[in-house]
Amino acid sequence: MAIGSGLGAQLGISAETTYGTFVAPSKYIEFTKESLVLKKTTAQSAGIAAGRLLALSSRRVLTRREVSGSIDLEVTNKGMGILLQALMGTTVTPVQQGAGPAYLQTHTLADTAGKSLTIQKGVPLTTGAVTDKTFLGCKVTSAEFACEVGGMLTSSYEFDGKDCDEAQTLATASYPAMAPFHFGQMAVKTGAFGTETARDGIRKVSVKVERPQEVERFYAGQAGLKKEPISNDQVKITGSLESDYVDTTLDDLHTSDAAISLVWEFVGPVIATTFFETFRITLPAVRLDEGPPVVDGFGVVKPTFNFTALYDGTNPVKIEYISTDSTL
């Protein structure tokens, strides 16, 4: 029996082959909180019957079902590939680096058609029995990554899903040894693409990737369930750089509205030879929207520069992940 509280909860995930069709969990993620729930739409008959003062229970119908919610978790040195693939859209096969146990995943921006997840949630009763809620057809609609002084690299994924199945058997969770990326491993680089250099004074970074999709694809003949959402707008990538005012580089870019390449990376312990645990986001063209420095007291001036990432016409936005994961 599990502990009868959130301490006994679990989340298992797997990539689906067919949208909304169950696939047993292949990875178990360590999460900090989640809000995945079944959303249902009902209709109540309003027929008038002589003397009836209350609507009939038997005349209430369930007209549609769907799933929504989020998962918050620390970004670790193992097990992130399935989520990154569902966010970015490219089908990724880890590439061995050298002859050792290091594998590189390169997640470039692509359409997310066919990229859905089964997410199985185990929710403990106070008795210690764990109930199963399996969410099918989960599509990532946005994800945000953030890290600040003294903190870990965290992420939050928003999902839209097809249905909740409570008839599956809850699988037994297992977790590989893993460690989170953190501020002590963080670097921020800016400059011309491919020749970015380290920036000083950065205290906090956040990057948000939004994947707009048509999630209202409810049709006749689908038993009240939706068909796979379709991208219906351009991807939106925004973020912020919180800093001390150590130089005018970012301030000047805000003034000129010039584009610059931004690399945000975390480099951990060595895996083998020259290959290190790595999480890296590359945005080849960012433009600063706001954040000119202001003086609001006696302390160090601390501007926050908000930015939008755009396509430079040549180089793709990408997330690179080096770990010992030989498969997603």
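Phe145 is buried, at 0% relative accessibility; buried means under 20% relative accessible area, exposed over 50%, and partly exposed in between, with a 1.4 Å probe and protein chains only. This is a predicted model, in which local features need pLDDT of at least 70, side-chain atom pairs count only at pLDDT 80 or more, and totals for chains, interfaces and linings use all residues. Residues are numbered from 1 along each chain as its sequence is written, and side-chain values use heavy atoms, with hydrogens and water left out.

Start with the aromatic rings. Rings of Phe, Tyr and Trp (its six-membered ring) pair if their centres lie within 6.5 Å; planes under 30 degrees apart are stacked, over 60 edge-to-face, and the rest tilted. The count by this rule is 7 aromatic pairs. One of them joins Phe145 and Tyr157: the ring centres are 6.1 Å apart and the planes stand at 85 degrees, so the pair is edge-to-face. Phe145 lies in strand 9 (residues 130–148) and Tyr157 in strand 10 (residues 154–161), so the pair ties together parts 12 residues apart in sequence. Strands (E, at least two residues) and helices (H or I, at least four) are DSSP runs, numbered from the N terminus.

Tyr157 is buried too, with a relative accessible area of 1%. Tyr157 also pairs with Phe159, and here the rings are stacked, 6.4 Å centre to centre with 25 degrees between the planes. Phe159 is buried at 4%. Ring pairs extend this into a cluster of Phe145, Tyr157, Phe159, Phe181, Trp264, Phe266 and Phe279.

Now turn to helix 1 (residues 81–88). Of its 8 residues, 8 are buried, so the helix is largely enclosed by the rest of the structure. Gln85 is among these buried residues. Just after the helix, Gly89 takes a positive phi of about 100 degrees.

Next come the charges. A salt bridge is a side-chain nitrogen of Lys or Arg within 4 Å of a carboxyl oxygen of Asp or Glu. The structure holds 17 of them. Asp325 bridges to Lys78, with the closest N and O atoms 2.8 Å apart. This pair links distant parts of the chain, 247 residues apart: Asp325 follows strand 21 (318–323), while Lys78 is in the loop between strand 5 (60–74) and helix 1. Both partners are buried: Asp325 at 5% and Lys78 at 16%.

Asp244 forms a salt bridge with Lys302, again with the closest N and O atoms 2.8 Å apart. Lys302 is partly exposed, at 45% relative accessibility. In a further bridge, Glu320 meets Arg280, with the closest N and O atoms 3.2 Å apart. Glu320 lies in strand 21 and Arg280 in strand 19, so the pair ties together parts 40 residues apart in sequence. Glu320 is buried, at 12%. Salt bridges that share partners also join Arg64, Glu66, Asp160, Glu216 and Lys226 into one network.

Finally, consider Arg199. Arg199 is placed in the loop between strand 13 (197–198) and strand 14 (202–210). Arg199 is buried, with a relative accessible area of 16%.
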